[in-house]
Structures are given as structure tokens and as C-alpha cells.
Amino acid sequence: LSKMSGQRHHFTSSSFRPLTQASKQDAGGKLSMAWNGMLLLKNSNFPASMHLLEGDLNVANSLLIDGSTGGKVTQLRITQRLRLDQPKIDEVSRRIKVAGPGGYAVLLAVPGSSEEASSSDPAASTQRPLRNLVSYLKQKQAAGVISLPVGGSRDKDNTGVLHAFPPCDFSQQFLDSSAKALAKTEEDFLVMIIVRGAS
């Protein structure tokens with residue numbers, strides 16, 4: 001046991017190492033799909049799909065749900081912003097470390113197909129391409145924040161926070177070649193980090 005403990009990954013915000021390469025890819029070498037639906041901000045919705053980059057797919061599956069019904073959600077509304085300054089980013093890094101390998105998931109969000117995620121009330125919001133959300137967050141120098149599960153949860157043990165990072169130094173370190181193949185351009189992806197535990 002003493003041998004093992006020395007081999008734990010110690011990582012700072014500047015040097016993340018994927019914990020396991022095998023779990024994040026399906027047999028075809030593509031990133032595993034974790035979620036497909038709409039990201040919502042104010043009166044706009046952005047079709048997106050999310051694919052696992054690192055961490056535990058189970059975290060995404062168990063938290064990207066409707067807290068009252070336990071069913072899958074197809075809409076995630078960004079309700080808060082986190083400024084992209086170093087102390088805030090260090091805090092997210094610290095939470096990932098504290099959560100451990102089974103307590104977080106890093107996902108790549110790329111433009112999704114709008115057909116699958118048609119809103120029940122199309123008049124309520126305007127559909128826009130994901131790059132508009134990416135450029136909004138870049139311009140605000142902020143990450144989007146979503147509390148999970150959607151609508152809150154009676155189960156205090158199953159809560160978490162999703163941070164949606166636009167392309168920046170912090171989010172770039174999670175991208176490998178398969179992620180870059182999926183994210184066609186710098187303007188068209190977000191790195192979503194879900195960490196278990198109350199915000």
C-alpha cells in the first residue's frame with residue numbers, strides 16, 4: 001500500500017494529467033458521448049453535445065438529470081458566471097483534486113443538432129449557434145456556472161456544479177488529439193467541468 005500512495009497524481013492548475021485514457025474513449029477511439037441537448041442563457045438556446053475528456057462518465061450521467069423526477073434533462077440553463085481569474089481557477093482545480101477520480105468529469109461541448117433538442121415552446125427563446133455562447137463567455141472573461149441536478153435535489157449526496165469554460169489556458173490543457181478533432185475551431189467548443197459536492 002505504501003508503494004501505491006506515492007504514485008497518486010499531484011496536479012496543480014497548470015499540469016493536469018488525464019487519470020485514465022481508456023475510460024474516456026469508446027471502441028472507435030472517439031470520445032464517449034455524455035449528453036445532448038440545449039444550453040440556455042437568458043433568452044437564447046444553444047444546441048450542444050458533450051463528450052467525456054477525462055474523469056468519470058458516471059458523474060455526468062448521475063448529475064445531468066432533473067432533480068425532481070430523476071430523468072435525463074435536455075436543457076441546461078446557465079444561471080451564474082465565474083470570473084476567469086487565477087484564484088477562481090485554482091479553486092476549481094482544488095475541487096477536482098479533492099473530488100478524486102470518481103468525483104468529477106471533464107466534458108467537451110461542441111455544437112449539437114437542433115432537431116433532437118427542439119424546445120417544447122420554441123417562441124420562448126431564440127436558437128443560436130454554440131459559438132455565440134463561446135464568444136459571449138470569452139468577452140465576459142467568465143465561465144458559465146450551472147448547479148446540478150437541474151431544479152435542485154432532495155438527495156443531498158447527489159449534487160454538483162458544472163463550470164462551462166470558454167477556450168482559455170486553463171481549458172486548453174484538457175484537450176488531446178481526439179478532442180481537437182471533435183472541436184473543429186477555437187470558437188466552437190466549451191470545456192465543461194462537473195464536480196460532485198455542494199457549491
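Beyond residues up to four places away in sequence, histidine 51 touches Leu31, Ser32, Met33, Ala34, Val106, Leu107, Leu108, Val110 and Leu182 (contact: heavy atoms within 4.5 Å). The model is predicted: local features need pLDDT of at least 70, side-chain atom pairs count only at pLDDT 80 or more, and totals for chains, interfaces and linings use all residues. Residues are numbered from 1 along each chain as its sequence is written, and side-chain values use heavy atoms, without hydrogens and water.

Histidine 51 lies in strand β2, residues 44–55 (strands are DSSP runs of E, at least two residues; helices are runs of H or I, at least four; both are numbered from the N terminus). Its relative accessible area is 10%, so histidine 51 is buried (under 20%; exposed is over 50%, partly exposed in between; 1.4 Å probe, protein chains only). Its side chain makes a polar contact with that of serine 49, at 3.1 Å (N or O atoms within 3.5 Å, one able to donate a hydrogen and the other to accept it; residues adjacent in sequence count only if both atoms are side-chain atoms).

Two aromatic pairs occur in the whole structure. Phenylalanine 170 is buried at 6% relative accessibility. Phenylalanine 174 is buried at 3%. Phe165, Phe170 and Phe174 form one aromatic cluster.

Overall, the protein has six helices and nine strands. Of its 199 residues, 47% are buried. Among contacts between residues at least 6 apart in sequence, 77% join residues at least 24 apart.

Terms used: Phe/Tyr/Trp six-rings, centres within 6.5 Å; stacked < 30°, edge-to-face > 60°.
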